[in-house]
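Reader: I have a structure to go through. Can we take it piece by piece?
Author: Here it is.
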Amino acid sequence: ESARMRALVEKMLLLARLESAVSVPRVVDVRAVADEAVATMRARFPDRAIDVAGEGAATIVDPDDLYAAVHNLVENALNYAASPVRVEAARDGSAARITVRDRGPGIAAADRAKIFERFYRGAVDGVAGSGLGLSIVARVAERWNGTVTLDSRPGDGAAFTLRFPLAEEVPA
């Protein structure tokens, strides 16, 4: 119970920071952030298959914000889908893109319009959570002139895609 409360407090503090003026934008490689988030999740879920693919693409964001968004997407995929999780990073036209995909049960059509709202959890059985993870993802996208989209078909999984404007230079 204390671990759940700690996770809730950490997410609430992150949301408060995202809504404040405090940030440190830098040129960030989306593949490097994807690799870091996946490494953390592999340590936490050593028996689960998590694959990272793609290439580097630079955008200007606070790296902690982007990490939090990707971390939340991967964590959700691992918690809600028994399937392997795939994280893809790439340059996509004029955007740096990260997609987190699973082959789980998908997200019901009735829930799709509300999943980015704070504390909304939909019809979820047996998975602990606060309903804040996807609102964090949406706030990070909004804060850094990006977008987050969902592609989901019941029984065929879900794919969340973050897109941010490309930066001119790739970090070293």
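Reader: Threonine 59: buried or exposed?
Author: Threonine 59 is buried, with a relative accessible area of 0%. Buried means under 20% relative accessible area with a 1.4 Å probe, protein chains only. Bear in mind that this is a predicted model, where local features need pLDDT of at least 70, side-chain atom pairs count only at pLDDT 80 or more, and totals for chains, interfaces and linings use all residues. Residues are numbered from 1 along each chain as its sequence is written, and side-chain values use heavy atoms, with hydrogens and water left out.
Reader: What lies 2.6 Å from a polar atom of its side chain?
Author: For threonine 59, that is the backbone oxygen of proline 165.
Reader: Switching to H2. Which residues are buried there?
Author: In H2, the buried residues are Val30, Val33, Ala34, Ala37, Val38 and Met41. They sit on the same side of H2, because they cover an arc of only 130 degrees around the axis, taken from the directions from the helix axis to the C-beta atoms.
Reader: Why would that spacing work?
Author: An α-helix has 3.6 residues a turn, so residues three or four places apart point the same way.
Reader: Last one, which side chain does threonine 161 meet in a polar contact?
Author: The side chain of threonine 99, at 2.9 Å. A polar contact is a pair of N or O atoms within 3.5 Å; within protein, one must be able to donate a hydrogen and the other to accept it, and residues adjacent in sequence count only if both atoms are side-chain atoms. Threonine 161 is buried, with a relative accessible area of 10%.

Terms used
Buried < 20%, exposed > 50% of the residue type's maximum accessible area, 1.4 Å probe, protein only. Helix = DSSP H or I, 4+ residues; strand = E, 2+ residues; numbered from the N terminus.
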